[in-house]
Amino acid sequence: MTKPYLTIDLNKITHNARVITQLCAHHGIEVIGVTKGTCGHPAVAHAMLRGGVVGIGESRLENIQRLRAAGVNTDFMLLRTPALSQVDDVIATVDVSLNSELSVIAALAQATHLHGKIHSIIIMVDLGDLREGVLPEDLNSLVEKVKTLNGVEIAGIGTNLSCYGGVVPSPDNMGRLVGLANDIENRLGSKLLTISGGNSSSLPLIASGQMPSRINQMRIGEAILLGRETLHRSAWPQTFQDVFQLQAEIIELKRKPSRPLGEIGEDAFGGIPEFVDQGERLRALLDVGREDIAIEGVKPLDSRLRILGASSDHLIVDVTAVADTVKVGDELSFSLNYAALLAAMTSPYVEKRVFKVPTDHE
Ligand SMILES: *Cc1c(COP(=O)(O)O)cnc(C)c1O
C-alpha cells in the first residue's frame, strides 16, 4: 500500500543553501538554516549544513531533540521565545535562544545553575512587525536587568520582519537595529557577537548591497527550502523551486456535472460553495485532503489540471484536459507553498521520500 508521498531532493536543498550562504558570506553575513518548515527533518538539516549554513534554527524543542538524536551535530538556535514552563528543557537542549521576556530570561538563568552551563540569548527587538520582540524604547532597561543575571550572556540582538505585519526590511529599520546594538555595546562595555537581522525577506536588501554592514547573521528557511524570497515570493536567482513535490493517487475517475445537484447548504468546513456550470467534466478524486495539505498552497505540476476543491481526505481535480491519458491508480504531482509544505511534513499520512544523488566529493 502506498500513501500520498512527498519527494525531497536533498541535492537541491544543498544547492539552494550554497547559493544563499555564498551571497550572504559576500556581505559578511553567516546563515542559520531554518528547518521548521520540514518539522525538523534530519536529512534536510544535513543537506543545509553541506550547503554552508553555520547552524540550525528551529521553533520547537521537539524538533531540535529529534535532530540531535538523529546525529545532526551543529549549533542549534531556538527561534520561538521559550515558554516559561520549558526553560529546563531549553537549557538542556540548545545553546542559543531568541528572547524578549525578562521573566523567561531570568528563569533560563536560574535553570543554568542546575545544568552548569552558560546559555546565550539574542534579544529580539520589534521594529514594527508586531510579532515578537521588545519595543526599541524598552531595550536598554531590559539589557540592564539581564546584565545582572548569572548564567545567561547576551550574544546579540535581532529582529524578525515580514512575518505578521508584513513589514519590509529597509536600510532604515536595519540601520535602527545597528544603532540599538551600538547603544547596548556602550552600556555593556563590550562588543555584541551577533546582530541577527532577519529571514528570507531580507535577501533582496542584502543582494542590493544596502544591508548595513554590521548585520552579521540571517536565519533562512523558505529561500533554501522553496527557492523564493518572501516579500513577493519571486523565485530567487540560481535556486531550485521544486525541491519538494507531492504525489497523490487517483482513487476515483468519473465524468460528472460541474454543479452539484439539489439545494446547496454548508460544505464540510462551514463554507457555502459556489459553482460555475462548465457542463460535464472528468473529475479525479485523490487520496489526500485538508488533513494533510493546505489546498490553497498546492498546484498541479501539469498546468492543464485544475484543483476544484478538497475535503478532509479527498482532493478533487479537473483532469478533462488530459482525459486520454489518465486512469485510476495514476499519480498526480503537485508543487507546494510554505503552508502546504508545513502541513504535508507534519502529516503522518504523507510519506516522506528523501533522495540524494552522491556528488563527486562523497
Ligand atoms: C521562521 C523563522 C525564520 C525563518 O523564516 P523564513 O521566512 O523561512 O526564512 C527566521 N526567524 C524566526 C524568528 C523565525 O521564526
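Two strands count as paired if DSSP finds at least two bridges between them. Strands here are DSSP E runs of at least two residues, helices are H or I runs of at least four residues, and both are numbered from the N terminus. The structure is a predicted model, in which local features need pLDDT of at least 70, side-chain atom pairs count only at pLDDT 80 or more, and totals for chains, interfaces and linings use all residues. Residues are numbered from 1 along each chain as its sequence is written, and side-chain values use heavy atoms, with hydrogens and water left out.

Strand 7 (residues 152-158) pairs with strand 8 in the parallel sense, over three bridges, and Gly156 sits opposite Thr194 of strand 8. Strand 8 also pairs in the parallel sense with strand 9 (residues 217-220), this time over two bridges. Here Gly198 stands opposite Met218 of strand 9. Strand 8 (residues 194-198) has five of its five residues buried, so it is largely enclosed by the rest of the structure. Buried means under 20% relative accessible area, exposed means over 50%, and partly exposed lies in between (1.4 Å probe, protein chains only).

How do the pieces connect? Strand 7, helix 7 (residues 171-188) and strand 8 form a right-handed β-α-β unit. Right-handed means that, with the strands pointing away from the viewer, the path from the first strand over the helix to the second runs clockwise.

Next comes helix 5 (residues 102-115). With 14 residues at 1.5 Å a residue, helix 5 should span 20 Å, and its end C-alpha atoms are 20 Å apart, which agrees. That expected span is 1.5 Å times one less than the number of residues. Among the buried residues of helix 5 are Val104, Ile105, Leu108 and Thr112. An α-helix has 3.6 residues a turn, so residues three or four places apart point the same way. The cover over the buried residues of helix 5 includes helix 4 (87-93), strand 5 (96-99), strand 6, helix 6 and strand 7, with contact meaning heavy atoms within 4.5 Å. Just after helix 5, Gly116 takes a positive phi of about 60°.

Most residues other than glycine have a negative phi. Leu130 lies in the loop between strand 6 (119-124) and helix 6 (136-147), and at 56% relative accessibility it counts as exposed. Arg233 also has a positive phi, near 60°. The loop between helix 9 (222-225) and strand 10 (244-257) holds Arg233, which counts as partly exposed at 42% relative accessibility.
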